[in-house]
Amino acid sequence: MGSLKVTLCAGAALAAALAPVAPVYATDGGGVSVSPSSPAPGGDVELRVPDCTERTAVAVSAAFASEARLTVAAEDGVLVGTGTVRSGMEAGVYAVRVTCGGDAREGTVNVERRRPAAPASPVAPVHAGGGGSARLAAADGGEEARPEPPGTAHTVTGLVLAGIAAVAVALRGVRSRSRGTD
């Protein structure tokens, strides 16, 4: 019996977690819903006006960059539209007015000043350097990438090393042939 209770509780918790969550709208009793109710300057808000006899309306506010056009939503008949808060708006409460036929509906939007988020990329990158190669790659230091080209000493050293390698390969070949004939 205990496992049945646990199963039912887990099922109820899962159903509650998966249930669709409706967005929160701020209403002032005047019929205009604003979501989010406290946008930052430059942000967008969704406007909803229920019970309007018209199929279109216009919302105006001192907080908006331009008037917002509202149209009827197919699923519930509510007028829906989007407005953009002016990017330079000061924090405060601003009236939103929607003319719906002969009626005027009002609501408010509370513009909040928020701290700007950290920039996505560095504003002043750090000179990280290139380790030992930084001195060689420096163009303004007056130094070239290679101060002096390879000379006779480098050439002689390379030829001596190549000769030693050739002798070692030849001796190894001779040893392997002599072991194979015995």
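Me: Which residue in strand 8 stands opposite V98?
Reply: This is a predicted model: local features need pLDDT of at least 70, side-chain atom pairs count only at pLDDT 80 or more, and totals for chains, interfaces and linings use all residues. Residues are numbered from 1 along each chain as its sequence is written; side-chain values use heavy atoms, without hydrogens and water. Strands (E, at least two residues) and helices (H or I, at least four) are DSSP runs, numbered from the N terminus. In strand 8, the residue opposite V98 is R105.

Me: Over how many bridges do strand 7 and strand 8 pair?
Reply: Two strands pair if DSSP finds at least two bridges between them. Strand 7 covers residues 92–100 and strand 8 covers residues 103–111. A95 has its bridge partner in strand 8, T108.

Me: Which residue takes a positive phi in the hairpin of strand 7 and strand 8?
Reply: This hairpin has 2 residues between the strands. The positive phi is near 65°, and the residue is G101.

Me: Which residue stands opposite V96 of strand 7?
Reply: Strand 7 also pairs with strand 4 (residues 56–61), antiparallel, over 4 bridges. Opposite V96 stands S61.

Me: Which cysteine is joined to C52 by a disulfide?
Reply: A disulfide here is a pair of cysteine sulfur atoms within 2.5 Å. The rule gives a count of 1. The S to S distance is 1.4 Å, and the partner of C52 is C100.

Me: How many residues apart are C52 and C100?
Reply: The pair links distant parts of the chain. C52 sits in the loop between strand 3 (44–49) and strand 4, while C100 is in strand 7. Their separation in residues is 48.

Me: Is the disulfide of C52 and C100 right-handed or left-handed?
Reply: Look at the torsion about the S-S bond. It is about 120°, so the disulfide is right-handed.

Me: Is C100 buried or exposed?
Reply: Buried means under 20% relative accessible area, exposed over 50%, and partly exposed in between (1.4 Å probe, protein chains only). C52, at 14%, is buried. C100 has a relative accessible area of 2%, so C100 is buried.

Me: Is I164 buried or exposed?
Reply: I164 lies in helix 3 (residues 152–181). Its relative accessibility is 53%, so I164 counts as exposed.
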